[in-house]
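Please walk through the following protein model with attention to how its parts are held together.

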Amino acid sequence: MCGSFKSLVDEPSAPADVVELLDGADSAEEALNAMVAASNAGDDQAAMLLVDPAIRPLLLPSIAIERYAIDSFLLKTGSFGEDENYRGGLLFHFTLRDLVCIRSIKLLETRVVDDKRVVFTVLTTENINHEENPIHNVRSFLAIQRSDRWYLFRSFGELTMLFAGSLVLQGTNEPVTFLKIHARCDDSENRENADNEVEYLLPIELVHEHLVEAATAPEIKESNQLARKSKRYYDNIVNRTKRGDYETRSELEDAMDPIEDWADILSGTTASLAPGLIEFAKKHGLKPEPN
C-alpha cells in the first residue's frame, strides 16, 4: 500500500489559469493585480479573499442565492431533464458574476488617501452577458491595509444598483444616488473612450467607512447565518439526489421549498442597507431625487 503512494509533487501541474488562494496581498498594487488574475480565471473564491473582510458579509447573502439559483436549475435539469414549463428569466443582480467579469485592466490614476488606503482608477476589459465583444469600463478600487495585508473594495452587483439609486432596493420614490454610470454617447466622452465610466459622488473611502459599520448590524449577521444554513441544506439535497432519494422533479422541488423561502429573506439583505445609507447621504450633502 505504501509503495503505491504517489507524492503530490509527481502530480501534473495545475492549469495555467488556476490562481493561488491568497487572503489579501503584501501591497495595494499586488492586491489589485491578484484580484484581476482571480477574476480573469473565473475564480470567485480567490476574488472574495481579496475583498475587504469587513465588507464580505454584505456580499455573501446575494452570492448565496445567486449560486443556489444556478446550481439548483442545473441539478433539476441534470436529474430529470428540461422543465417544459421553464421560460427563462433574469437571475437577480449578478453579484457573483460581477466578481469575475474583469479580464484585464489598465491603470489610469492612483490617489493616496493615507498610509493605509489607496484609490486606483482603472480601465477594465470585461466579458458579460455572452456578448461577442468585451466592454471597457472606468472603475475605482479602494485598497485598504488591515494588519500587514492589503484588500480591495468596490461595489459589486446589488450594491452597485443600490448606490445608483434603484427604486426597488432603496424602497422609495425619492432615491439618493451615490454613483452615476456614464454611458458613452455622442455628446460626451468617457476617459479612454470607455463604454461606461462609474463615478462616485462621494469619495469611495467615505462610502467604504459607512459600509464597514453597516456590515456589523445584527440583521446582516443573521443573513450570513441563513446563507450558510441554506448552503448546507442544499449540499444535503445534492447528496440525497446522487443516491436516488428523489424519484420525480416534484419531490426534488418539494425538498428545495425551504431554501426558496430562505432565498426570499436573503434577497432583502442589500435593501436593508437603504435607510442608513440615505441618512448617511443626507449627512454628507447628497439630496434625494424625486422619480
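How much accessible surface does the chain have, and what percentage of it belongs to carbon and sulfur atoms? The accessible surface comes to about 16,300 Å², and 50% of it belongs to carbon and sulfur atoms; such areas are computed by the Shrake-Rupley method with a 1.4 Å probe, and for residues only the protein chains shown count as cover. The model is a predicted one, in which local features need pLDDT of at least 70 and side-chain atom pairs count only at pLDDT 80 or more, while totals for chains, interfaces and linings use all residues. Residues are numbered from 1 along each chain as its sequence is written, and side-chain values use heavy atoms, with hydrogens and water left out.

The secondary structure consists of ten helices and six strands, where helices (H or I, at least four residues) and strands (E, at least two) are DSSP runs numbered from the N terminus. Of the 291 residues in the chain, 43% are buried, a term that stands for under 20% relative accessible area, with exposed meaning over 50% and partly exposed lying in between (1.4 Å probe, protein chains only). Among the contacts with a separation of 6 or more, 64% are between residues 24 or more positions apart, a contact being heavy atoms within 4.5 Å.

Together with Ile-70 and Phe-73, Leu-74 forms a nonpolar surface patch with about 260 Å² of accessible area; patches are made of residues with over 30% relative accessible area and no salt bridge, with like charges joined within 9 Å and nonpolar side chains (Val, Leu, Ile, Met, Phe, Trp, Tyr) within 5 Å. Just after H3, Gly-81 adopts a positive phi of about 80 degrees.

The interior can be followed through its nonpolar cores, each a set of buried Ala, Val, Leu, Ile, Met, Phe, Trp, Tyr and Cys residues joined through side-chain atoms within 4.5 Å. The largest core holds 57 residues, of which Val-51, Phe-153, Phe-163 and Phe-178 touch the most other members. Helix H1 (residues 28-40) supplies the largest share of this core, seven residues. Apart from this core lies another, of 16 residues, among them Ile-65, Val-238, Met-256 and Ala-263. Leaving aside neighbours within four places in sequence, Phe-178 is in contact with residues including Phe-163, Tyr-200, Leu-277 and Leu-286.

Charged pairs come next. Side chains of opposite charge can pair when their charged atoms come close. The structure holds 17 salt bridges, each a side-chain nitrogen of Lys or Arg within 4 Å of a carboxyl oxygen of Asp or Glu. One of them joins Arg-56 and Asp-23 (3.4 Å, N to O), linking helix H3 to the segment before H1 across 33 residues. Arg-56 is buried because its relative accessible area is 15%, while Asp-23, at 40%, is partly exposed. A second bridge joins Arg-146 and Asp-52, whose closest N and O atoms are 2.5 Å apart; Arg-146 lies in strand S3 (residues 135-146) and Asp-52 in the loop between helix H2 (44-48) and H3, so this pair ties together parts that are 94 residues apart in sequence. Here Asp-52 is buried at 0% relative accessibility, and Arg-146 is partly exposed at 30%.

A last stop is Gly-165, in the loop between helix H5 (158-163) and helix H6 (167-170). Gly-165 counts as buried because its relative accessibility is 13%, and, not counting residues up to four places away in sequence, Gly-165 touches Gln-170, Pro-175, Val-176 and Thr-177. The C-alpha atoms of Gly-165 and Glu-289 are 8.8 Å apart, although 124 residues separate the two in sequence.
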